[in-house]
Amino acid sequence: MLDRAPRSARTAPRSARSAAVGAVLIALLALTGCQGGPSAGTSGEGSESVSLPPLSEVTALADPHSYEGPTDVLVGGPTVGPVAEDPTPELPVTVPSYDRDGTREITVDSADRVLALSLTGNLADMVHALGLSDRLIGRDLSTSFPGAEELPVVTKSSHSLDAESVLNLNPSVILTDGTIGPHDVLLQLRDAGIPVVMVQEATDFTAAGETARQVAAALGVPALGDTLATNLESAIEAKLAEIADFAPTAEEQKLRVAFLYIRGTSGIYYLFGQGSGIDTVIDAIGGIDVTEEIGWAGMKPMTDEALVAIDPDVILVMENGLASAGGIDGLLEAQPSVALTTAGEKRRIISIDDTLILGNGTRVPDVLDGLARALYAPDSLAG
């Protein structure tokens with residue numbers, strides 16, 4: 001069974017971390033007008049299946065520190081597919097809704113017209129994996145499983161709900177996790193008689209299975225939620241073991257990794273640290289989370305002093321964020337401190353689809369796999 005208590009969970013209760021991290025990320029996106037959905041040509045959830053050889057057949061770098069140049073992460077899979085085909089929900093059900101002002105009970109009478117809305121699209125991803133995607137009537141900008149492009153978008157941006165668009169679709173239930181708002185709009189929709197169920201936000205990938213269970217319970221298919229969670233957790237465990245055999249074990253060979261959130265058009269650069277969810281990812285792929293060394297918690301504006309002090313070997317970024325800064329050349333010009341790091345000197349910048357890196361949905365094992373390849377066998381992802 002997947003460990004549900006990563007290092008970050010030992011420093012603060014999950015509910016407190018979720019609220020703090022989610023609020024900061026939503027605020028960042030509100031300030032920057034973040035583009036939603038995968039970039040053209042990426043391997044996001046809406047792309048065709050990508051087949052990659054197992055890590056056991058990939059030749060890792062003899063010295064990961066010697067590699068120079070950028071890498072675009074190719075995400076294979078999907079490893080975890082739908083667990084059913086058009087199942088019949090058993091309704092009505094009454095489930096907890098984890099609202100910001102406390103837990104309340106919400107009764108769902110129908111799952112005929114579903115909206116599953118979140119910042120990264122992971123909730124709609126779960127609905128698809130439960131075999132209920134035909135019941136989805138709209139989407140957020142980040143939802144991109146195969147066929148989702150035909151659904152109308154109900155968010156003005158990746159995080160802002162349009163109440164009129166939602167009401168026009170006449171949903172029978174709305175699932176969300178607090179990363180989509182404004183909160184007043186959600187209350188307005190609930191006042192209009194729509195059951196709005198708030199599931200708990202998955203702030204790191206270890207909570208993906210629990211998200212599957214909560215989504216399934218709200219849609220009247222709890223047994224399928226258990227199946228999906230088990231499949232997902234088993235796939236993650238298997239991938240972690242595969243990466244452990246693939247990644248270097250000697251401390252001196254491990255790569256020091258930092259995640260930099262970029263919105264260059266707005267001049268916003270944030271370092272993500274402990275409790276952001278990125279720390280768990282870096283640990284999982286065998287890297288050293290350099291922000292831990294300076295006690296960097298959550299998401300904070302990057303300072304030149306902090307970045308130079310941690311001196312990462314690799315900087316991990318989102319694709320759209322890097323593009324907004326004008327690519328690597330633009331980033332180095334806008335932030336000279338990046339050029340002063342080992343990662344900057346070697347242009348060791350790894351970029352990954354925006355919706356996948358923090359998605360915490362069914363693509364978790366595939367994301368971890370792609371990141372491990374980018375760290376230790378980057379040439380295997382070329383072309």
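Start by selecting D313: setting aside neighbours within four places in sequence, D313 is in contact (heavy atoms within 4.5 Å) with H65, K254, L255, R256, T342, A343 and R348. You will find D313 in the loop between α8 (304–310) and β11 (314–318); helices (H or I, at least four residues) and strands (E, at least two) are DSSP runs numbered from the N terminus.

A word on the model before moving on. This is a predicted model, in which local features need pLDDT of at least 70 and side-chain atom pairs count only at pLDDT 80 or more, while totals for chains, interfaces and linings use all residues. Residues are numbered from 1 along each chain as its sequence is written, and side-chain values use heavy atoms, leaving out hydrogens and water.

Next, select F259, Y261 and F272, which form one aromatic cluster. Ring centres within 6.5 Å make a pair; planes under 30 degrees apart count as stacked, over 60 as edge-to-face and the rest as tilted. F259 and F272 have centres 4.9 Å apart and planes at 50°, so this pair is tilted. Y261 and F272 are stacked, 5.8 Å centre to centre with 10° between the planes. Y261 is in strand β7 and F272 in strand β8, 11 residues apart.

Terms used. Rings of Phe, Tyr and Trp (its six-membered ring) pair if their centres lie within 6.5 Å; planes under 30 degrees apart count as stacked, over 60 as edge-to-face and the rest as tilted.
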